There are 2 protein chains.
Amino acid sequence: MTEELNQSPKMQKLLELSAELLDLGHIGALMGWDQQVNMPRGGAEERGAQSALIGRIMHEKLTSDKTGQFFADLEKEVGDLNAETDEARAVKVAKRLYEKQTKVPLPLLMETIKATTMAHEAWMEARAQSDFSIFQPHLKKIVDLKKQYADLFKPFDHIYDPLLDDYEPGMKTAEVKEIFEKLRPQQVELLREIAEKEAIDNSFMGKYYKPEYQEIIGRDVITRFGYDWERGRLDVAAHPFTTGFGLGDVRITTRYLENDAGSALFSTMHEAGHALYEQGIDKKYQRHPLNGAASLAIHESQSRLWENLVGRSKEFWSFFYPSMQMLFPENLANVSLNDFYRGINKVEPSLIRVEADEATYNMHIMLRLEIEIGLMEDTIQVKDLPEIWNTKMEDYLGVTPPNNAQGVLQDIHWSGGMIGYFPTYALGNLASVQLWDKMVEQHPNIPDEIAQGKFETVLGWMREHVHRFGSKYEPQEIMLKATGSKITPEPYMKYLRTKYSEIYDL
Amino acid sequence: MTEELNQSPKMQKLLELSAELLDLGHIGALMGWDQQVNMPRGGAEERGAQSALIGRIMHEKLTSDKTGQFFADLEKEVGDLNAETDEARAVKVAKRLYEKQTKVPLPLLMETIKATTMAHEAWMEARAQSDFSIFQPHLKKIVDLKKQYADLFKPFDHIYDPLLDDYEPGMKTAEVKEIFEKLRPQQVELLREIAEKEAIDNSFMGKYYKPEYQEIIGRDVITRFGYDWERGRLDVAAHPFTTGFGLGDVRITTRYLENDAGSALFSTMHEAGHALYEQGIDKKYQRHPLNGAASLAIHESQSRLWENLVGRSKEFWSFFYPSMQMLFPENLANVSLNDFYRGINKVEPSLIRVEADEATYNMHIMLRLEIEIGLMEDTIQVKDLPEIWNTKMEDYLGVTPPNNAQGVLQDIHWSGGMIGYFPTYALGNLASVQLWDKMVEQHPNIPDEIAQGKFETVLGWMREHVHRFGSKYEPQEIMLKATGSKITPEPYMKYLRTKYSEIYDL
């Protein structure tokens, strides 16, 4: 049947439509990349119109009158959308995209675009002035719009479900809550124990590290990881990110901070992790409905795996530290490998999520998740956010933001209407360790290989069990197939405890 | 009436359609720029599909059934399309584009795209192997298709007219022939006289010039010209070119040759000339039907003006030569300003058009024009091209290509179906001197200003008389308004003779 279906006129039409939508999406991505990497200021106005046009053409293609009936017919032809064939899954993924797009009435869509555009400007201003009141009415509006959006997907178990589902297909609020309920007390306890120990001195990390040399080692590291330069490139941008214009062109960016030994290097490994995922999708999914990732959490599992489980490991540095010392002898000649390793793994509760270490990162996420759920459930009001934020920071991390810029205003997400996104960061952390454990169970030699600068087995395993499937499977399916378990916090906590017990002698 | 027309629903619709087409064109240009400047090899396949999609969407928008009637109605509303209002000219320019696009039957369009795609591959192979026979059948096919194309525009005075008109709106083959008939004997005579004189020794030009320093002076020069970095950037590509994604983002590229003092610098000035034109279009034409250039010849008049009339002048170097000597003391400390000036203006008949000096450049163009007209008139056969090429090279320049790679296969244009393009290069040369003469007549102080590194008057005059109009006027209208004359060869010949009489003591 698969053979027949593949050649059916309806299936052909789906493949063509998907290819066009992907092409348009990738064109939009190129415009976005260029905007952040190359575009002179004067180009903003016309670029804005060009991006909007691409968005409009995509929307028109997807929501034309005939498309609804087309999907209904196609589904009938395919039967079980959960069948394991590419065809069934292609229809499922395309139908999901279609339904998400068409369920939203045009006025709500337009109002949301307008509100987030204004909210983004307001957020930038609010953060610059550290004044939440500038952002408050805009965030209120966005929360109202998100409630209207969620209501379109009734019935649901929880009003947060439709938002979460935008980033984690099939994931439920109840699952995430349960995971985080287990995680919170253990993370808090670990942090308490670490806090009792003497702080690590990693002041050598803040010396002058020549950006050109930071780039040399960054490029060397990700080349050894297996990043394919024939299908990508590394540039400088204000914020590190990964973007792709197809399977053949997946680019990453970073930024070099003169007085930070780790920022650029770890962000380069992180983005390379994202890029390795997209470069690893099966070539047969090029311009195909399944050309994509399973979810943001699975994406993040890959970036975190290369950044943390590989890049912050002792084995990794036993191989790379000599190169690091060679490039920066004035800073590191007298720093031992062990002190360097402890330095890059120093745990220090801090105000800013993006700078958080492995032990504290998830606490930042939990705080945001609780606030997002509260906002959607109406148990938290936007006006109270600065106070709630600061109280939770004190409770979870023992630090209090001196101002709202370093507190509730630090993240861009809410201003863009991205409510439901944050938990994927923490889920990615958990998934990264589950995948890692299963891989090392099957290939116990991996730590030794890493100590020799060899990453083929790691990349090969991820290709085999995660990358190649594209968006064929939902995130929990990927985890079940690869590890035998859905996303669960225990392996992550065990990993943290083992790692920090050694570092901090707990 | 203008006021009313501007607000008419039909005019509004035209402005919207034009804005969308411009946006799509600029998106396509960004994809092309990225392909040449940044794209990794692996991106080619998907980029090809993306570019084709944008082309298809543009074609569909322009050729939809309703558009023909729309233009007919609009023309009735406007009346005289040659009226001097923006509205009348906008309709004229848009209608011209529409008619050019719709006159071509889809099968012919598709066959041409296919033929040129294959011809381009064949040409690359042919040039690599210096074997014309590889390219010959493809060029034959392209000539046949171009004849079919031209026939669509019957009645015409000459079969070459429709091809020329694609690049020079309104220009006729008879005009170009007349111009070139006058030019040829004078250019030949000038070259003969120069050939009798002792050759200039400019061997210092071929020493090692550090690319980084070449870039420093290149950027300095075009900054002083007035290139707006807030609305552009300079990058490295295999071939120098200019491309714009709107009035707010006009980029140029160059390439740095280690053993050539002039190649990058003159090409940077040349491309900056193109870019200054586009940056100088009136802001009111942003995303408007008149956002464009008058023609390729007018475009080339600007690039040639900055490259040659400014950049190869004695005044220019009296200001910049100290900087050049500072950057390259090992090559230039003992070369006098006058020797340098003579060195960059050395006349030497050569095989390759793109490396030709001012005195020989037009001869390369005449040769190509005669061949193109002969091919279209059927008085020249494709199979005879290598022989005809070599004979004409000997006649006009006294040099004979040692192989076809350096002869008939040197240019990319024909492989892309661009027949009718070459004469615009020579017309641009002629126009550049006409504009220059008129400007200096009105501002005799300009040479002194250039000797002080000041270019505001030059740029201001070009803005006022050429740039700001966008594509409102046809090329000959621009020339008439700015100089009181259509394009004519006398000023150019006078310029060459004066310049080289001094340099070669004729």
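The model is predicted: local features need pLDDT of at least 70, side-chain atom pairs count only at pLDDT 80 or more, and totals for chains, interfaces and linings use all residues. Residues are numbered from 1 along each chain as its sequence is written, chains are lettered from A and ligands numbered from 1 in the order in which they are written, and side-chain values use heavy atoms, with hydrogens and water left out.

I begin with the two chains.

I turn to strand β3 of chain B, residues 250-254. Strands (E, at least two residues) and helices (H or I, at least four) are DSSP runs, numbered from the N terminus. Is this strand enclosed or open? It is largely enclosed by the rest of the structure, since 5 of its 5 residues are buried. Buried means under 20% relative accessible area, exposed over 50%, and partly exposed in between, with a 1.4 Å probe and protein chains only. V250(B), I252(B) and T254(B) cover one side of β3(B), with R251(B) and T253(B) on the other.

Two strands pair if DSSP finds at least two bridges between them. Strand β1(B), residues 234-236, runs parallel to β3(B) with 3 bridges, and D235(B) stands opposite T253(B). Strand β2(B), residues 242-244, is antiparallel to β3(B), also over 3 bridges, and T243(B) has R251(B) as its bridge partner. In the hairpin of β2(B) and β3(B), with 5 residues between the strands, G246(B) takes a positive phi near 130 degrees.

Next, the backbone elsewhere. The peptide bond from K154(A) to P155(A) is cis, with omega near 0 degrees; P155(A) is in the loop between α7 and α8 of chain A. The bond from K154(B) to P155(B) is likewise cis, with omega near 0 degrees.

Finally, R287(B) has a positive phi, near 55 degrees, and lies in the loop between α11 and α12 of chain B. At 29% relative accessibility, R287(B) counts as partly exposed.
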